[in-house]
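Morning, everyone. I have one model to walk through today, so let me put it on the screen.

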Amino acid sequence: MACEAVASGGGDGVAPVLLGLTVILFAAKLGGEIFERLRQPAVLGELLMGVLIGNLHLVGVTGLEFLRGQPVLNVLAEIGIILLLFEIGVESTVPQMLRVGGSALVVAVLGVVAPSVLGFFTARVFFPGESGYAHLFVGAILCATSVGITARVLQDMRKTQTPEAKVVLGAAVIDDVLGLIVLATVSGMIGAADKGTSMGMGAIAWIVGKAVLFLTVSLVVGQWLAPRVFKVATRLESRGLLLPLSLTFCFLLAYLSTLAGLAPIVGAFTAGLILEDVHFKELASREQRSLEDLLRPVSSLLLPVFFVLMGLKVELAVFGN
């Protein structure tokens, strides 16, 4: 098949990426259209189309398996989800998120504790012969949620500006941070037990401290730095500065969040919160387009890649085991 020839490296190295984007974008838009006609979020169609493509081999259709392991497509997908959280952050402000901070924190804590406890006891029921660390690990994994899917569903429903959406998004970001802290702590405990030692409170405090320090410093320094950077940018004569300059903030904070042990989407969302309209009002006026308008074409291209690839990772054959 032509698909197999391309995937095996025939022709230029860009060929598998081009074929992958062709299949993914077509499938995403088809699935999204079907589900929007059913008055459901388009992201559900994208995910299900990914599941369908990823399991075509079960009915004898082969040639698209290369999509799962295509590194360039995976990178594009990650950039897509980073841009989504950045875009959602741009539509919000730090004061708005602080106003719902208490509610978001309660929702996030419950969202971590409930699945962790239920996961722990469920694992004990299904795997009674395993150690308590295995049960803890299952509970820790289940406390993680997908901020990306939450944000995308709200965006598809055009509800990102509602107070309820602010609570949900704030809780989702806090949940992501807490989930990573729980998972890192449990992993550290298992690693220490494997070496015959115990994980000290200092190591746990360091995990928590890095996350809190990153978020605090990013917001404080970013709120001080952003208006000054954009003020300098308005003095430059170059056109098209708003989007690349904003993405510089986004990608930098996404990178720094990985250094702090957090997901890059947390940094991207933080960058979006920092960049308020007042900071780049003059640039946006000069370019006659808002930052949201500039981001939308880029994210609409890359986002479907992420959700279709997420669907591709689902192995339906596993459910038969």
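Let me start with proline 264. Proline 264 is partly exposed, at a relative accessible area of 23%. On the terms here: buried means under 20% relative accessible area, exposed means over 50%, and partly exposed is in between, with a 1.4 Å probe and protein chains only. Proline 264 sits in helix 12. Helices are DSSP runs of H or I with at least four residues, strands are E runs of at least two, and both are numbered from the N terminus. Proline 264 touches Ile82, Ala254, Ser257 and Thr258, leaving out residues up to four places away in sequence. Contact means heavy atoms within 4.5 Å.

Now the ground rules. This is a predicted model, where local features need pLDDT of at least 70 and side-chain atom pairs count only at pLDDT 80 or more, while totals for chains, interfaces and linings use all residues. Residues are numbered from 1 along each chain as its sequence is written, and side-chain values use heavy atoms, with hydrogens and water left out.

Next, leucine 253. It belongs to helix 11, residues 242-259. Leucine 253 counts as buried because its relative accessible area is 9%. What does leucine 253 touch, not counting residues up to four places away in sequence? The list is Phe214, Ser218, Gly267, Thr270, Ala271 and Ile274. Its C-alpha is 8.5 Å from that of valine 266, 13 residues apart along the chain.

Pick serine 218 from that list. Serine 218 is in helix 10. It is buried too, at 9% relative accessibility. Leaving out residues up to four places away in sequence, serine 218 touches Leu213, Gln223, Leu253, Thr270 and Ile274.

On to the core. The largest nonpolar core has 70 residues, and Leu67 and Phe86 have the most contacts inside it. Helix 14, residues 291-312, gives the largest share of this core, eleven residues. A nonpolar core here is a set of buried Ala, Val, Leu, Ile, Met, Phe, Trp, Tyr and Cys residues joined through side-chain atoms within 4.5 Å. Leucine 67 touches Gly20, Val23, Ile24, Ile53, Leu73, Leu309 and Leu312, not counting residues up to four places away in sequence.

Stay on helix 14 for serine 299, which is placed there. Is serine 299 buried or exposed? Buried, because its relative accessible area is 4%. A polar atom of its side chain lies 3.2 Å from the backbone oxygen of arginine 296. Serine 299 also touches Leu83, Glu87 and Pro304, again leaving out residues up to four places away in sequence.

The largest pocket has a volume of about 500 Å³. Its lining has 19 residues, and Val173, Ile174, Leu215, Leu219 and Leu273 lie nearest its centre. Two or more lining residues come from each of helix 5 (94-99), helix 6 (101-126), helix 9 (163-194), helix 10 (201-233) and helix 12 (264-274). Helix 9 gives the largest share, six residues. By class, this lining has 15 nonpolar, four polar and no charged residues. Ala, Val, Leu, Ile, Met, Phe, Trp, Tyr, Cys and Pro count as nonpolar, Asp, Glu, Lys and Arg as charged, and the others, Gly among them, as polar.

The second largest pocket holds about 430 Å³. It is lined by 19 residues, with Arg152, Gln155, Asp156, Arg296 and Ser300 nearest its centre. This lining divides into four nonpolar, five polar and ten charged.

Pockets are found on a 1 Å grid over the protein atoms alone, as open sets with protein on both sides within 12 Å along at least five of seven lines; a cavity is a set of points where a 1.4 Å probe fits but cannot get out, and lining residues have an atom within 4 Å of a point. Grid points are joined across faces, edges and corners, and a volume is the space filled by probe spheres set on the points.

Technical notes. A polar contact is a pair of N or O atoms within 3.5 Å; within protein, one must be able to donate a hydrogen and the other to accept it, and residues adjacent in sequence count only if both atoms are side-chain atoms.
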